[in-house]
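Dear colleague,

Please find below the sequence and structure that I am handing over to you. A description of what was found follows directly after.

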Amino acid sequence: MVDNLASQGSLTYDKAHRLLYSVNAGSNTITVFSVQGDQLVRRQVIASGGTFPVSVTVHGNLVYVLNALDGGSVQGFLRVGEKLLKVPSWHRALGLDPNATPQFTHTPAQVGFTPDGSRLVVTTKGVGNGIDVFPVSTLAISAKPVVTPTPGAVPFGFTFDAAGRLVVTEAGSNSVATYAFGRDARLAKVSEVATGQAATCWVVRDGDNFYAANAGSGSLTRVHGGADGSLQVLGNTSTGAGTVDAAVSSDGEFLYAQTGAVGGVDEFRVNADGSLTKVASTAVPDAVGGEGIVAL
């Protein structure tokens, strides 16, 4: 297993407040760290409000975690200083089949705020084969999500383009797709391109380029995003075995890809044209099957 959480976003960095949030699936908790230079200081461990947390997202003072098992749920927290306060009324069950197998493709994969914080997005992979969107108010997220079905697509990881459109990997078809938000929070597909690779599950953005990680092929696929939401595949770059989550440095000059099958991180320089040049590979102790990476 190259990714024991089967998710994207298990680590999330709040740059404005210099806080790092980590899910702890084995103990059903979240850890809050303060970032002090190249050091982490643990500030809090708090229950995730569900079973097997796999993804966490932040916008302003709001933090939401995605719990993958027992039908799936999202739980909201309010940040107070360097700690989180769980708000019981901000819990939403996803109502997914808790017995669906295999677990890797039949649990929810990621939770994330839209760039403006007005919506909370959840991908449900094969168990739901859809994308859930919860409108967000000043008091809470909506009671129920607006669901956009994606039959057979197995939506997995996602990010957003410069216009705020959703860019999501579809593991069922090994493709990357762009979706636009409608006024009712329903999504409309704008573009879709096949990577030609295996197990296309994770995606990270750097400017107008998106890099999809293909665990089954040990590769990154570069996809260019147009101003109109169109997508174009521009090539593949080999990585170590079992490519999973990836992160881009704050200056956009480097990309770091986890290689879950060998427990390492591959570092690439992002060239002016968006192509990648490998710089180094680093082995991480006890990291085989690990998932979750951020660039501070």
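Leaving aside neighbours within four places in sequence, Tyr21 is in contact with Ser10, Leu11, Thr12, Asp14, Thr31, Val32, Val56, Val58, Val63, Arg79 and Leu84. Please note that the model is a predicted one.

The nonpolar cores

Tyr21 also has a place in the largest nonpolar core, which has 34 residues; Tyr21, Val74 and Leu120 are the members that touch the most others. Two or more residues of this core come from each of the following elements: strand 2 (19-24), strand 3 (29-36), strand 5 (53-59), strand 6 (62-67), strand 7 (73-80), strand 8 (83-93), strand 9 (110-113) and strand 10 (119-123). Strand 6 contributes the most, namely four residues. Another core lies apart from this one and has 19 residues, including Cys201, Trp202, Leu220 and Val270. As general background, nonpolar side chains in soluble globular proteins tend to be buried together.

Tyr13 has Leu20, in strand 2, as its bridge partner.

A further open sheet has four strands in the order 21-22-23-24, again with antiparallel pairing. Here strand 21 (243-248) and strand 24 (276-283) are the edge strands, each pairing on one side only. Strand 21 is joined to strand 22 (residues 254-259) by four bridges, and the two run antiparallel. In this pairing, Ala247 stands opposite Tyr256 of strand 22. In general, the strands of a sheet pair through backbone hydrogen bonds, either parallel or antiparallel.

A hairpin

Strand 15 (residues 175-181) and strand 16 (residues 187-194) are paired over seven bridges in the antiparallel sense. Ala180 has Ala188, in strand 16, as its bridge partner. The two strands form a hairpin with five residues between them, and Ala185 in the turn has a positive phi of about 75°.

The largest pocket

What is the volume of the largest pocket? The computed value is about 1200 Å³. The pocket is lined by 37 residues, of which Thr12, Tyr13, Thr159, Val204 and Val294 are the closest to its centre. At least two lining residues are supplied by each of strand 1, strand 5, strand 9, strand 13 (155-160), strand 17 (200-206) and strand 21. Strand 5 gives the largest share of the lining, with five residues.

Loops and backbone features

The loop between strand 8 and strand 9 holds Leu96. Is Leu96 buried or exposed? Leu96 counts as buried because its relative accessible area is 14%, and the cut-off for buried is under 20%. Beyond its neighbours within four places in sequence, Leu96 is in contact with Gly71, Pro108, Thr124, Val127 and Gly128. One of these, Thr124, is 28 residues away along the chain, and the C-alpha atoms of Leu96 and Thr124 are separated by 8.4 Å.

Pro102 also lies in the loop between strand 8 and strand 9. The peptide bond from Thr101 to Pro102 is cis, with omega near 0°. By way of background, most peptide bonds are trans, and most residues other than glycine have a negative phi.

Asp70, in the loop between strand 6 and strand 7, has a positive phi of about 60° although it is not a glycine. Asp70 counts as exposed because its relative accessibility is 60%, and exposed is defined as over 50%. Asn174, which is not a glycine, has a positive phi near 50°. The place of Asn174 is in the loop between strand 14 (166-170) and strand 15.

With kind regards

Note on methods:
Residues numbered from 1 in each chain as written. Predicted model: local features only at pLDDT ≥ 70, side-chain atom pairs only at ≥ 80, totals over all residues. Heavy atoms only, no water. Core = buried A, V, L, I, M, F, W, Y, C linked by side-chain atoms within 4.5 Å. Buried < 20%, exposed > 50% of the residue type's maximum accessible area, 1.4 Å probe, protein only. Contact = heavy atoms within 4.5 Å. Pairing = 2+ DSSP bridges. 1 Å grid on protein atoms, 1.4 Å probe; cavity = no way out; pocket = protein on both sides within 12 Å on 5 of 7 lines; lining within 4 Å. Points joined across faces, edges and corners; volume = space filled by probe spheres on them.
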